[in-house]
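This briefing concerns the arrangement of domains and the nonpolar cores in the structure shown below. Please keep the sequence and model at hand while reading.

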Amino acid sequence: MKRVGIEVSIAIAEAAALAEVEVVSAYPITPQTHIVEHLAELVANGELNAEFITVESEHTAMSAALGASLAGARAFTSTSSQGLALMNEIVYITSSMRAPVVMALANRSLSAPISIWNDHSDVMNERDTGWISIFANNGQEAYDLTFMAFKIGEHPNVLLPVMINFDGFILTHVIEPVWMFDKEEVKDFLPPYEHPYKLDVDRPTSHGPVGLPDIYTEAKKQQEEAIRNSRKIIDAVWDEFAERFGRRYRAVEEYYADDAEIVLLTQGSVTEAAQVVVDEMRKRGKKWGVVELRLWRPFPFEDLKKVLCNNNIKCVVVLDRAISFGGQLGIVMSEVRSALYHEKNKPMVVGVTAGLGGRDIRFDEYVKMYEIGEKCLKEEKEPDKVIIVGLRE
Amino acid sequence: MIEVKRPKEAFLSVFAYRMAPKEELFTRGHRACQGCGAALGLRHVMKAAGRNTIVVNATGCMEIVSSPYPYTSWAVPWIHVAFENAAAVASGIDAAIKVLKRKGKLDPNKKINIVVFAGDGGTADIGLQALSGMMARGHNVLYVCYDNEAYMNTGVQGSSATPYGAHTTTTPAGKVKFGQGYWKKNLPEIAVAHGIPYVATVCPSFPLDLIRKVKRALELPGAAYIHLFAVCPTGWGIPPAYAVKAGRLAVETGIFPLYEVEYGRYRLTFDKKLKPVEEYLKFQRRFRHLTPDLIKTIQERVDAEFARLRVMEEATNRPDYRSVSGI
Amino acid sequence: MRLKERPKWQELLPGCVIDEPGNSVNYKTGDWKTLKPVVDKQKCIRCGTCWIFCPEYAYEEDEYGYFNPNYDYCKGCGICAVECPARCIRMEREEE
């Protein structure tokens, strides 16, 4: 393992190469493109024994990855925003057909107006597609989680696709110090990929049959059980990784949550920014903390309850980086709120939105989020809707 | 006049059918309509392709009739993903096979065919982009479009492969409109324009010609495109018993010319004096509203297209002709 | 056939994979027909035309080289009767 300064996109590509991906099918889209450019380079130089398919759309990128995966090859793709929206149809089918494709998702906002910058509207649109969905908040995490995604998804008890989320530009285009593995070190960590029902002329199977009303319900139940049960494997893989390489990943990460009165619940790179704010404000006497919802799907209900219902936390301010129009606005907020609904000692759940379409969230805006929490606590009123922070009006 | 060598085996005596491969890899118990030309065509294609074949099926009639869980009519590995992406899925499978062979995870000497079956809607309309990408990249895939000239699975809606003048549920013949208002999209020519090694048209009414062309397509490296004329008794309004006859008439009238283009060289595989198109049009419900003027317009178009193919055949078989395909 | 038409969810393979190749032979389509083909073997020349043009391959070759319709699968389309060069196949109403 050596520590190098590297653009996070390149590190993610190196993680896929470390996993010896066999088929890469991807289409250019900002801010993801550097990832697949680097993989193309590795293939062109003979450093990675893989097929790189220069597809003509993201829809085909996912379709080809699905085909390759069920044909027995380790498949990888990467996209952002409109690309993900275009492939949506096949994103849903890939999990339903149990193809353990790994996708690196450089989170970016959705049009219109067209914006190439970061928020989480792309991934939230795919919330219910049946993928395991994990957030990284820095380059190291993106690298580690991408590498581990193969081991999770390909596990015979899982067989589900995995998407690793990391913020576009904020992470993808930034050079960070990353501990990178040598092939030798991780050799026996990731077993070779074997799909138990791959397309094999010596053992023919039919994939993607017609599901009459008599079968569709059972098919969906089976899929739901699969992703729910994947949690055991996710934990096992992360534990093994921690034991062997020293970096531990948890479904819900906490920062000063154990004695905080107010926590900000985050996903992605805002987590570290919020931690800086907490460090500073603790010096000024504020008992604030940060809780990061790293594992988005399967949703870590029990972990979240354990962290948030600890009797100290009086208010959790959920920072949503996407909007559900005409609803409660906050997608993560409403999920957190409903997850805690039955808890007796649940904290107040307040929703805020900021950083849409790549807008920076300033120090004082993070402070404002906590202060909204303080105000709600004081007034003993949990707002129905999300409050947009940093809005001109 | 350039002498073109044409295969003769397709027009041997009636006993020649016994020479067709016996193995059935598209098995019975499928739920295609009575007299389905597409099901017959698939059966013939699979006879030619053989056991070492992975089939990719686009959503459509043949996917629906062959795979209602827990039944499958496929004795070979088969995958259906969606409507518009069969060529894309096949591209991924081809890439997988290439890399797995290179790594020794699959026997590098074992030839594995990848055959796509997609309808005309899944090819001419919604799947055209994926097909173009697959052909441009030159994947080792045989794409078979079974063309029943409309969206039959959803109840006979017009596609861009629906023939001029045909009545469908979205191109109905009415008081001011005469059915499909534009000419059928020429898919084989689009495939030829990609410079792939092999393009052919086939009709299950000529099974030995079909089997030979499929075998040729699979022999040649790279992408191949075969356009299969699939008579649809249900959608066209003809008695199921006449399905094979209708296909034969489509060929004999020049409505559906049989030809192949190998490395850019055209070869008509049915070139006889054409019958009038009316013989083909008159017994189909979808054409019964056609006026003599419209039939004349169709006849002119068919004659022009057939003449064009003859010109192409002659031009591309001259000794000095150099094709860009395969170079 | 091991796979069931109405299985419990636990009985499904991942992604509803069907691992019994060609098992639709267990699904008999013979009851679709109203007319059935009857072959006059006196006239039959054993050319195989009925067999090659049958979308169901309902015709099966016997040890003497004759092709006989399997009524379990024949949907009664009548292509064979139209195509038979010896005109030895007649479509008859199903008795019932």
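**Domains and cores**

In this predicted model, the C-alpha centres of domain 1 and domain 2 of chain A lie 28 Å apart. Domain 1 of chain A covers residues 2–245, and domain 2 covers 252–388.

**Interface between the domains of chain A**

- Domain 1 of chain A contributes 30 residues to the contact, and domain 2 of chain A contributes 25.
- About 2,100 Å² is buried between domain 1 and domain 2 of chain A, with carbon and sulfur atoms giving 55% of this area.
- The rule finds 3 salt bridges across this interface, and 13 residue pairs are found in polar contact there.
- On the side of domain 1 of chain A that touches domain 2, two or more residues come from each of helix 5 (121–125), strand 6 (132–135), helix 6 (139–154) and helix 8 (213–245) of chain A.
- Helix 8 of chain A gives the largest share of that side, 6 residues.
- A salt bridge joins the side chains of Arg294(A) and Glu141(A), at 2.7 Å from N to O.

**Nonpolar cores**

- The largest nonpolar core has 99 residues, and Leu265(A), Leu308(A), Ile93(B) and Tyr225(B) have the most contacts inside it.
- Helix 3 of chain B (residues 86–102) supplies the largest share of this core, 11 residues.
- Domain 1 and domain 2 of chain A each provide at least three residues to this core.
- A second, separate core of 91 residues includes Leu142(B), Ala166(B), Phe206(B) and Ile295(B).
- Residues touched by Leu308(A) include Val263(A), Leu265(A), Val291(A) and Pro347(A).

Conventions: Residues are numbered from 1 along each chain as its sequence is written. Chains are lettered from A and ligands numbered from 1 in the order in which they are written. This is a predicted model: local features need pLDDT of at least 70, side-chain atom pairs count only at pLDDT 80 or more; totals for chains, interfaces and linings use all residues. Side-chain values use heavy atoms; hydrogens and water are left out. A nonpolar core is a set of buried Ala, Val, Leu, Ile, Met, Phe, Trp, Tyr and Cys residues joined through side-chain atoms within 4.5 Å. Buried means under 20% relative accessible area, exposed over 50%, partly exposed in between (1.4 Å probe, protein chains only). Helices (H or I, at least four residues) and strands (E, at least two) are DSSP runs, numbered from the N terminus. Domain bounds come from an automatic or database domain assignment. Contact means heavy atoms within 4.5 Å. Buried area is the accessible area (1.4 Å probe) that two parts lose on being put together, summed over both. A salt bridge is a side-chain nitrogen of Lys or Arg within 4 Å of a carboxyl oxygen of Asp or Glu. A polar contact is a pair of N or O atoms within 3.5 Å; within protein, one must be able to donate a hydrogen and the other to accept it, and residues adjacent in sequence count only if both atoms are side-chain atoms. Lists of a residue's contacts leave out its neighbours within four places in sequence.
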